[in-house]
Amino acid sequence: MPEPADWPEPVDAVNEGGTSDTVLLCEHASNHMPAEYGGLGLPPSELQRHIAWDIGAAAVTRRLCDLLDAAAFLGTYSRLLIDLNRPLDAPDSIPQRSESTDIPGNVLMTAVERLRRRDLIFMPYHRRVSAHLDSRQAARRSTRLLSIHSFTPTFLGQTRPWHAGVLFIGAVDLGHRIADRLRGPDLLVGINEPYKTDRRADYGIPVHGDDRGIAAVMMEIRNDLIRDPASVEQWASAIGEAL
């Protein structure tokens with residue numbers, strides 16, 4: 001294994017002993033990529049874009065963790081290596097193209113490399129989340145799951161009008177209540193927008209939430225709205241109050 005600083009633990013588990021009934025996930029928290037991958041053939045500027053991580057999502061998650069006294073589990077690698085919120089058999093689990101950008105280092109990948117990324121990044125992250133949820137359920141602790149993400153103001157040339165979106169499969173009541181509490185005269189909050197979530201394309205909400213009978217929702221925030229500390233504080237406070 002290369003230098004530990006280049007290969008951190010695949011999950012940053014924060015405040016696992018928190019008292020809140022909310023557990024936070026942030027699968028796309030980081031754009032880190034070990035040096036041996038050479039940026040997957042992309043220039044450094046591309047790794048600062050949304051294709052490599054969810055800009056602002058980690059900051060909102062960490063602030064919510066403090067505000068709620070909640071446990072949080074943040075991914076520590078770029079989703080271009082392997083996406084923690086995709087089933088392993090999904091076409092974009094290890095994307096060869098993201099938005100309109102080709103990912104050269106993911107083309108013609110060997111089966112051995114695919115398994116390596118699964119075993120070093122994907123499986124350890126989800127085992128840690130599962131272990132935490134197992135312990136809560138064994139202790140009969142009330143639990144709900146909130147996965148924090150961000151999205152781009154435009155996608156393939158199409159403008160997205162929403163300021164935020166609440167996505168869910170089974171947690172219909174919780175999802176609608178959070179969205180209703182967040183909405184305001186100048187705040188457009190979509191339901192299952194700008195994406196729809198389902199178990200063919202998503203992992204955290206269906207596997208760690210719905211399959212366990214835990215109410216689970218995904219929060220999507222437009223990333224131009226969470227790029228500075230004041231905006232992060234505003235959104236984290238609003239989500240905390242909605243919860």
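This is a predicted model: local features need pLDDT of at least 70, side-chain atom pairs count only at pLDDT 80 or more; totals for chains, interfaces and linings use all residues.

Trainee: Okay, how many helices and strands does the protein chain have?

Mentor: The secondary structure comes to five helices and eleven strands.

Trainee: And what does the C-alpha trace span along its principal axes?

Mentor: About 45 × 45 × 30 Å. The radius of gyration is 17 Å, which agrees with the value near 18 Å that a compact globule of 243 residues would have.

Trainee: How much of the chain is buried?

Mentor: Buried residues make up 53% of the 243 residues. As for the accessible surface, it comes to about 10900 Å², and 52% of that belongs to carbon and sulfur atoms.

Trainee: What about contacts between residues at least 6 apart in sequence: what share join residues at least 24 apart?

Mentor: That share is 80% in this chain.

Trainee: Switching to single residues. Where is Asp 6 found?

Mentor: Asp 6 sits in the segment before β1, the strand covering 11-14.

Trainee: Which side chain of opposite charge is nearest to Asp 6?

Mentor: That's Arg 116, 8.8 Å away. Asp 6 is buried, yet it has no salt bridge.

Trainee: Then what does a polar atom of the Asp 6 side chain lie 2.9 Å from?

Mentor: The backbone nitrogen of Ala 35. Ala 35 also turns up among the contacts of Asp 6 beyond four places in sequence, together with His 32, Met 33, Pro 34, Glu 36 and Tyr 77.

Trainee: Next one, Thr 22. Which strand does Thr 22 lie in?

Mentor: Strand β2, residues 22-26.

Trainee: Why does Thr 22 count as buried?

Mentor: Because its relative accessibility is 1%, and the cut-off for buried is under 20%.

Trainee: So which residues is Thr 22 in contact with, leaving aside neighbours within four places in sequence?

Mentor: Leu 68, Ala 70, Ala 71, Arg 136, Arg 144, Leu 146 and Leu 243. Take Ala 71 from that list: the C-alpha atoms of Thr 22 and Ala 71 are separated by 7.4 Å, though these residues are 49 apart along the chain.

Trainee: And which side chain makes a polar contact of 3.0 Å with the side chain of Thr 22?

Mentor: Arg 144's side chain does.

Note on methods: Residues are numbered from 1 along each chain as its sequence is written. Side-chain values use heavy atoms; hydrogens and water are left out. Helices (H or I, at least four residues) and strands (E, at least two) are DSSP runs, numbered from the N terminus. Buried means under 20% relative accessible area, exposed over 50%, partly exposed in between (1.4 Å probe, protein chains only). Lys and Arg count as positive and Asp and Glu as negative; His and the chain ends are not counted. A salt bridge is a side-chain nitrogen of Lys or Arg within 4 Å of a carboxyl oxygen of Asp or Glu. A polar contact is a pair of N or O atoms within 3.5 Å; within protein, one must be able to donate a hydrogen and the other to accept it, and residues adjacent in sequence count only if both atoms are side-chain atoms. Contact means heavy atoms within 4.5 Å. The radius of gyration is taken over C-alpha atoms; the globule rule is 2.2 Å times the number of residues to the power 0.38. Accessible areas come from the Shrake-Rupley method with a 1.4 Å probe; for residues, only the protein chains shown count as cover.
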